[in-house]
Amino acid sequence: MIELKGSEKLPMLKKADLQVNTGLNGLDHVLSWFSQLYDSRIPTSVWLRCQLALAEGFTNAVRHAHKGKPADLPVDIQVAVFAESLEIKIWDSGDPFDLEKKIQDISEKVDIHSPGGRGLKLIKDIADSISYERTADGRNCLSMVKNYSPCLNAEG
């Protein structure tokens, strides 16, 4: 749960988990699943940026963390929608790396003509906070949090 001033907690509106086998063909399924979690209190621009961050995180897990690994190796995803934030977590089974160093390296060597290589920087630019940590079960978890001001005309 996300901490606010004092001991208040933001109410969780929705939470869902998805497991997808390694493979870029799983991206359509991931995005379709994510679209079902939309809440009208979330500004559309925030939702679309979070969708992009999710797509980048998933494809990075498949292309980099799971490169050369079995096709049935799962990527686990969890999305939690809170009253004023959205949290996305993606677990992979690749080798761990230093997220901040990787983002710094990308920023220094960015090739604007390259078709890829900017996903982590994009995620960092979209999310209000990100982390990448090794979990006790030997996997890695990319966690992204995006805060937002709820739409006033939303139902709920």
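**Figure 1. Asp-76 and Arg-139 pair up in a salt bridge.** In this predicted model, the closest N and O atoms of Asp-76 and Arg-139 sit 2.4 Å apart. Asp-76 belongs to strand β2 (residues 74-82), while Arg-139 is in the loop between β4 (129-134) and β5 (140-147), so the bridge ties together parts that are 63 residues apart in sequence. Is Asp-76 buried or exposed? Asp-76 counts as buried, because its relative accessibility is 14% and the cut-off for buried is under 20%.

**Figure 2. Arg-139 again, this time with Asp-137.** Here the closest N and O atoms are 2.9 Å apart, which gives a salt bridge between Asp-137 and Arg-139. As background, side chains of opposite charge can pair when their charged atoms come close. How many salt bridges turn up in a search of the whole structure? The search finds 6.

**Figure 3. Lys-89 and Glu-87 meet through their side chains.** This salt bridge has an N to O distance of 3.8 Å, and it still qualifies because the cut-off is 4 Å.

**Figure 4. Helices α2 and α4 pack against each other.** Their axes are 9 Å apart, and the packing angle between α2 (residues 44-65) and α4 (residues 119-126) is about 150°. Angles over 145 degrees count as roughly antiparallel, and α2 and α4 therefore fall into that class. The crossing of α2 past α4 is left-handed. On the α2 side, the contact is made by Arg-49, Cys-50, Leu-52, Ala-53, Glu-56, Gly-57 and Asn-60; α4 brings in Gly-119, Leu-120, Leu-122, Ile-123 and Ile-126. Sort the residues of this contact by class and you have 7 nonpolar, 3 polar and 2 charged.

**Figure 5. A closer look at Gly-119 in helix α4.** Gly-119 is buried, with a relative accessible area of 9%. Which residues does Gly-119 touch, once its neighbours within four places in sequence are left aside? Glu-56 and Asn-60 are the contacts. The C-alpha atoms of Gly-119 and Glu-56 are 5.5 Å apart in space, although the two residues are 63 residues apart in sequence.

**Figure 6. Helix α1 crosses α2.** The axes of α1 (residues 27-35) and α2 come within 10 Å, at a crossing angle of roughly 150°. That makes α1 and α2 roughly antiparallel to each other, and their crossing is right-handed. From α1, the residues involved are Leu-27, Val-30, Leu-31, Phe-34 and Ser-35, and they meet Trp-47, Cys-50, Gln-51, Leu-54, Ala-55, Phe-58 and Thr-59 of α2. By class, this contact holds 9 nonpolar residues, 3 polar and no charged.

**Figure 7. Stepping back to the protein, with its 4 helices and 5 strands.** Starting at the N terminus, the elements run β-α-α-β-β-α-α-β-β. The protein has 156 residues, and 42% of them count as buried. Take the contacts with a separation of 6 or more: 66% of them come from residues 24 or more positions apart.

Methods:
Residues numbered from 1 in each chain as written. Predicted model: local features only at pLDDT ≥ 70, side-chain atom pairs only at ≥ 80, totals over all residues. Heavy atoms only, no water. Helix = DSSP H or I, 4+ residues; strand = E, 2+ residues; numbered from the N terminus. Buried < 20%, exposed > 50% of the residue type's maximum accessible area, 1.4 Å probe, protein only. Axes fitted to C-alpha atoms, helices over the stretch in contact; angles between N-to-C directions. Parallel < 35°, antiparallel > 145°, perpendicular 65-115°, else oblique. Left-handed = near helix turned anticlockwise from the far one by under 90°. Contact = heavy atoms within 4.5 Å. Nonpolar A, V, L, I, M, F, W, Y, C, P; charged D, E, K, R; others polar.
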